[in-house]
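Welcome, and thanks for taking a look at this one.

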Amino acid sequence: MSASSERSSAASSPSSPPSSPASADTPWYSAGIAFSCAQCGNCCSGAPGYVWVTLQEAGQIADALSLKLSDFTRRYTRRVGSRLSLIELKGGDCVFLVRTPDGLTNCKVHDVRPVQCRTWPFWQSNLSSPKAWERAGRGCPGMNHGRIHPLPTIRTCLSANADLPL
Ligand code: SF4
């Protein structure tokens, strides 16, 4: 699992993001960005990394799995400094990644997934420049395709994940 993407690795090459002069008020993505998940699973597998989960999020996932919080954290998380991260299976799949026979993937806890996953790919590291976005898009075939996410939505994501080291 990669620290620099919801999870990451190679994939197809999306088209280039729009390029325009950037400022705090009008960032390069101010006209919105296309993204629709293709369920390839790249972001939830691959190289080791982190899926940060707060105690509140851990509680929500534990509830969804009908587990006590202490059982959930022991079984599905590891401590990294002062934070918790979901564990990975051998081979790098997120512990909650489900691979389906049709070659696609699902998340076993999709409805209660952490903010990190919920806000992908709208992370500061990806949005810092068109180049950074393009780089991230090499591992995510959903980027620059599908539904246009307007600036307010992107800003909501950035503000939701602002405390995370993404
Ligand atoms: S399309 Fe992107 S967000 Fe969806 S599973 Fe693949 S890498 Fe993850």
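Helices (H or I, at least four residues) and strands (E, at least two) are DSSP runs, numbered from the N terminus. On that basis the protein has 6 helices and 7 strands. The model is predicted: local features need pLDDT of at least 70, side-chain atom pairs count only at pLDDT 80 or more, and totals for chains, interfaces and linings use all residues. Residue numbers start from 1 along each chain as its sequence is written.

**Overall layout**

- Reading from the N terminus, the elements follow the order β-β-α-α-β-β-β-β-α-α-α-β-α.
- A residue is called buried if 20 or more other C-beta atoms lie within 10 Å of its own, exposed if 12 or fewer, and partly exposed in between, with C-beta atoms placed from the backbone.
- Of the 166 residues in the protein, 37% are buried.
- Two residues are in contact if their C-beta atoms, placed from the backbone, lie within 7 Å.
- Among contacts between residues at least 6 apart in sequence, 74% join residues at least 24 apart.

**The ligand shell**

- Which residues are closest to the ligand? They are Cys 37, Cys 40, Cys 43, Cys 140 and Gly 142, in a shell of 12 residues; a residue is near a molecule or strand if its C-beta atom, placed from the backbone, lies within 6 Å of it.
- The shell divides into 7 nonpolar, 4 polar and 1 charged residues. Here Ala, Val, Leu, Ile, Met, Phe, Trp, Tyr, Cys and Pro count as nonpolar, Asp, Glu, Lys and Arg as charged, and the others, Gly among them, as polar.

- Two strands pair if DSSP finds at least two bridges between them.
- An open sheet of 3 strands has the order E2-E4-E3, with antiparallel pairing. E2 and E3 stand at the edges with a single partner strand each, so one side of each has no neighbour in the sheet.
- E2 (52-53) and E4 (83-86) run antiparallel and are joined by 2 bridges; Trp 52 stands opposite Ser 85 in E4.
- E3 (77-80) pairs with E4 in the antiparallel sense over 4 bridges. Arg 78 has Ser 85 in E4 as its bridge partner, and Thr 77 has Leu 86 in E4.
- E3 and E4 form a hairpin with 2 residues between them, and Gly 81 in the turn has a positive phi of about 60°.

- In H1 (residues 55-64), the buried residues are Glu 57, Ala 58, Ile 61 and Ala 62. Viewed down the axis of H1, these buried residues fall within an arc of 140°, so they line one face of the helix; the arc is that of the directions from the helix axis to the C-beta atoms.
- The cover over the buried residues of H1 includes E2, helix H2 (69-76), E3 and E4.
- A nonpolar core is a set of buried Ala, Val, Leu, Ile, Met, Phe, Trp, Tyr and Cys residues joined through C-beta atoms within 7 Å.
- The largest nonpolar core has 32 residues, of which Val 51, Val 53, Ala 58, Leu 86 and Cys 94 touch the most other members. At least two residues of this core come from each of strand E1 (33-35), E2, H1, H2, E4, helix H5 (130-137) and helix H6 (151-160). H1 gives the most, with 3 residues.

**Backbone features and loops**

- Most residues other than glycine have a negative phi, and most peptide bonds are trans.
- Gln 39, in the loop between E1 and E2, has a positive phi near 60°. Gln 39 is partly exposed, with 16 other C-beta atoms within 10 Å.
- Ser 66 also has a positive phi, of about 55°, although it is not a glycine. Ser 66 sits in the loop between H1 and H2 and counts as exposed, with 8 C-beta neighbours inside 10 Å.
- The peptide bond from Trp 120 to Pro 121 is cis, with omega near 5°. Pro 121 is in the loop between H3 and helix H4 (124-127).
- His 110 lies in the loop between strand E6 (105-107) and helix H3 (115-118), and is exposed, with 12 other C-beta atoms within 10 Å. His 110 and Phe 96 are 14 residues apart in sequence and 8.8 Å apart in space, C-alpha to C-alpha.
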